[in-house]
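Colleague: Please show me the model, and then we can go through it in questions and answers.

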Amino acid sequence: MISVIIPCYNEQETLPYENIERVAGGTKWNFWKLFRYAVDGIINFSQALLSIATWFGMDMTFGNQKTPAFYCC
């Protein structure tokens, strides 16, 4: 069974679902391929990661100019 939450009404409805086994062969996806695929989906469709990278870059550009490491060499 799969539970689906309808966002407009905040109600829960159950949809019947039967898992069908693979007839022949096997999957070529291992754990790390699936993990990279999931991370890629999060990175490509997330504005939060872009915001974090932007703030981190701004901090590295403007924030580190006050540290003594900026004046060495």
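Modeller: Buried means under 20% relative accessible area, exposed over 50%, and partly exposed in between, with a 1.4 Å probe and protein chains only. This is a predicted model, in which local features need pLDDT of at least 70 and side-chain atom pairs count only at pLDDT 80 or more, while totals for chains, interfaces and linings use all residues. Residues are numbered from 1 along each chain as its sequence is written, and side-chain values use heavy atoms, with hydrogens and water left out.

Colleague: Is Phe-31 buried or exposed?

Modeller: The relative accessibility of Phe-31 is 54%. Exposed means over 50%, so Phe-31 counts as exposed.

Colleague: What is the geometry of the aromatic pair that Phe-31 and Trp-32 form?

Modeller: Rings of Phe, Tyr and Trp (its six-membered ring) pair if their centres lie within 6.5 Å; planes under 30 degrees apart are stacked, over 60 edge-to-face and the rest tilted. The whole structure holds four aromatic pairs. In the one between Phe-31 and Trp-32, the centres are 5.0 Å apart and the planes 80° apart, making the pair edge-to-face.

Colleague: Which residue caps the N-terminal end of α1?

Modeller: The backbone nitrogen of Trp-32 has a side-chain oxygen 3.3 Å away. That oxygen belongs to the capping residue, Asn-30.

Colleague: How far apart are the end C-alpha atoms of helix α1?

Modeller: The expected span is 1.5 Å times one less than the number of residues. For the 14 residues of α1 (residues 31-44) this should give 20 Å. The distance between the end C-alpha atoms agrees: 20 Å.

Colleague: Which element has the lowest mean pLDDT?

Modeller: pLDDT is the predictor's confidence in each residue, from 0 to 100. The highest mean among the elements is 86, for α1. The lowest is 52, for strand β1.

Note on methods:
Helix = DSSP H or I, 4+ residues; strand = E, 2+ residues; numbered from the N terminus. Polar contact = N/O pair within 3.5 Å; in protein donor to acceptor, adjacent residues only side chain to side chain.
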